[in-house]
Amino acid sequence: MTERETQVAVLVAKGHTNREVAAALFLSDKTVEYHLSHIYIKLAVRSRVELAGRLAASTHPPT
C-alpha cells in the first residue's frame with residue numbers, strides 16, 4: 001500500500017468515518033472512498049471490519 005493508503009486504512013480501522021478521515025488528512029470524502037476501494041482490493045477484504053482485522057493481524061503476528 002502507498003503511504004496515504006496506509007494512513008487512511010489505519011484511521012478507518014480505528015473506527016473513524018470517511019468524513020472524519022478526510023478532515024484529518026485534508027482530503028475530500030471522494031478521495032477517501034477512492035483510497036478505500038484500492039485498499040480493499042490490495043488486502044482482499046470487503047468491509048471495514050475485515051480491514052481492521054487484517055491490520056490487527058499484521059501488526060500482532062500469532063505466537
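User: How do α1 and α2 pack, at what angle and with their axes how far apart?

Analyst: Start with the terms: helices (H or I, at least four residues) and strands (E, at least two) are DSSP runs, numbered from the N terminus. Axes are lines fitted to C-alpha atoms, for helices over the stretch in contact, and angles run from 0 to 180 degrees between N-to-C directions. Here, helix α1 (residues 3–13) packs on helix α2 (residues 18–25) at about 135°, and their axes lie 10 Å apart. This is a predicted model, where local features need pLDDT of at least 70, side-chain atom pairs count only at pLDDT 80 or more, and totals for chains, interfaces and linings use all residues. Residues are numbered from 1 along each chain as its sequence is written, and side-chain values use heavy atoms, with hydrogens and water left out.

User: Which word describes how α1 and α2 lie to each other?

Analyst: Angles under 35 degrees count as roughly parallel, over 145 as roughly antiparallel, 65 to 115 as roughly perpendicular and the rest as oblique. α1 and α2 are therefore oblique.

User: Is the crossing of α1 and α2 left-handed or right-handed?

Analyst: A crossing is left-handed if the near helix is turned anticlockwise from the far one by less than a right angle, and right-handed if clockwise. For α1 passing α2, the crossing is right-handed.

User: Which residues of α1 and α2 meet?

Analyst: Contact means heavy atoms within 4.5 Å. From α1 come Arg4, Gln7, Val8, Leu11 and Val12, and from α2 they meet Val21, Ala24 and Leu25. By class, that contact has six nonpolar, one polar and one charged residues. Ala, Val, Leu, Ile, Met, Phe, Trp, Tyr, Cys and Pro count as nonpolar, Asp, Glu, Lys and Arg as charged, and the others, Gly among them, as polar.

User: Now α1 and α3, please. At what angle do they pack?

Analyst: The angle between α1 and α3 is about 90°, with their axes 9 Å apart. The two helices are therefore roughly perpendicular. In this contact, Arg4, Glu5, Val8, Ala9 and Val12 of α1 meet Val32, His35, Leu36, His38, Ile39 and Lys42 of α3. Those residues divide into six nonpolar, two polar and three charged.

User: Let me follow one of them. Is His35 buried or exposed?

Analyst: Buried means under 20% relative accessible area, exposed over 50%, and partly exposed in between (1.4 Å probe, protein chains only). His35, in helix α3, has a relative accessible area of 12%, so it is buried. Apart from neighbours within four places in sequence, His35 is in contact with Arg4, Glu5, Val8 and Leu27.

User: How do α3 and α4 pack?

Analyst: Their angle is about 60°, with the axes 11 Å apart. That makes α3 oblique to α4. α3 passes α4 in a left-handed crossing. Leu36, Ile39, Tyr40 and Leu43 in α3 meet Arg48, Leu51 and Arg54 in α4. By class, this contact has five nonpolar, no polar and two charged residues.

User: Let's turn to the loops. What is the phi of Phe26?

Analyst: Phe26 has a phi near 60°, a positive value in a residue other than glycine. Phe26 sits in the loop between α2 and α3, and at 76% relative accessibility it counts as exposed. Ala44 is not a glycine either, and has a positive phi of about 55°. Ala44 lies in the loop between α3 and α4 (48–59) and is exposed, with a relative accessible area of 59%.

User: To finish, how many helices and strands are in the protein chain, and how compact is the chain?

Analyst: The protein chain has four helices and zero strands, in the order α-α-α-α along the sequence. Its radius of gyration is taken over C-alpha atoms, and the globule rule is 2.2 Å times the number of residues to the power 0.38. The radius of gyration is 11 Å, close to the 11 Å that the rule gives for 63 residues, so the chain is as compact as a globular protein of that length. Buried residues make up 29% of the 63 residues. Among contacts between residues at least 6 apart in sequence, 42% join residues at least 24 apart.
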